[in-house]
Amino acid sequence: YAAGMAIPILMGNQERISNMLKEHELDMPDVQIIDPHDNPEKRHEYAEQFFEMRKRKGVTYHLAKKNMTSRNYYGAMMIKNGDADAMISGYSRNYRSVVKPILETIPKSKGVSKVAATNLMLTKSGPLFLSDTTINVEPSAKELAKIAQMTGQMAQLFGLEPVIGMLSFSNFGSSRFPQAKRVSEAVSMLHRSNPALAVDGPIQSDFALNKGLLQDRFPFSALSNKKVNVLVFPNLDAANITYKLMKE
């Protein structure tokens, strides 16, 4: 807000939010505060839309109206209708209660068959994207390839040229276990469909992040002499545990 990058819309009780702004001495005179409970016309409009989208997926009109009193459902409908451009949530809610309204409300982009999540970590050696940290438990080779592709696109949105390490417990075919073979298949798919993309694996995490080590042992790799800024994990266990260890 202070840098002129965005116009915030704060959602919740107007009096409570106004008091918090005063308490923290935040000078935001033109900030918009929206309480779903105080916007019956818009809430009704969103409920009608939501019911039409979900009526054959177990949602009754009564439930649609009830959902639109929730800030996460209301905020997701704002995104869908172009009434807002982005949504920040999750500080006081568990992950499922935040992501469920988004998945039920906002359609996937064209060509996207599987939703995934990435976390951007600002490390001492630069930005690092980790995927998929919260949604897909045991992705297939095709799904891993799509996750890598989408995470690369996300890195580009932040102005970075993606360099993607497809992580495993093995390096470049050293193991024939199914888990490692699945990563190998994903890499082969990416090399065929995106030949210009800097991606390789299966690779262990230390080799992916240590350019000298990688150059010494695997100079043939497409990651050789490059700084990896995207890590794609073979399953949710590995991704979520690594992300939370790094965060702490």
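This is a predicted model: local features need pLDDT of at least 70, side-chain atom pairs count only at pLDDT 80 or more; totals for chains, interfaces and linings use all residues.

Let us turn to Glu 104, whose side chain meets that of Lys 100 in a salt bridge, with 2.9 Å from N to O. Because Glu 104 and Lys 100 are four residues apart in helix α5, about one helical turn separates them. Glu 104 also forms a salt bridge with Arg 54, and here the closest N and O atoms are 3.9 Å apart. This second pair links distant parts of the chain, since Glu 104 belongs to helix α5 while Arg 54 belongs to helix α2 (residues 40–54), 50 residues apart.

How far these side chains are covered can be read from their relative accessible areas. Glu 104 has a value of 15% and is therefore buried, and Arg 54, with 14%, is buried as well, because buried means under 20% relative accessible area. Lys 100, at 32% relative accessibility, counts instead as partly exposed.

Another salt bridge joins the side chains of Lys 55 and Glu 52, at 3.0 Å from N to O. Lys 55 is partly exposed, with a relative accessible area of 40%, and Glu 52 is partly exposed too, with 48%.

Returning to helix α5, which covers residues 95–105, we find Thr 105 within it. Thr 105 has a relative accessibility of 3%, so it counts as buried. A polar atom of the Thr 105 side chain lies 2.7 Å from the backbone oxygen of Pro 101. If residues up to four places away in sequence are left aside, Thr 105 touches Phe 50, Met 53, Tyr 73, Ala 76, Met 77 and Lys 80.

Taken together, helix α5 holds Glu 104, which is paired with Arg 54 of helix α2, and Thr 105, a buried residue whose contacts include Phe 50 and Met 53.

Terms used:
Residues are numbered from 1 along each chain as its sequence is written. Side-chain values use heavy atoms; hydrogens and water are left out. Helices (H or I, at least four residues) and strands (E, at least two) are DSSP runs, numbered from the N terminus. Buried means under 20% relative accessible area, exposed over 50%, partly exposed in between (1.4 Å probe, protein chains only). A polar contact is a pair of N or O atoms within 3.5 Å; within protein, one must be able to donate a hydrogen and the other to accept it, and residues adjacent in sequence count only if both atoms are side-chain atoms. Contact means heavy atoms within 4.5 Å. A salt bridge is a side-chain nitrogen of Lys or Arg within 4 Å of a carboxyl oxygen of Asp or Glu.
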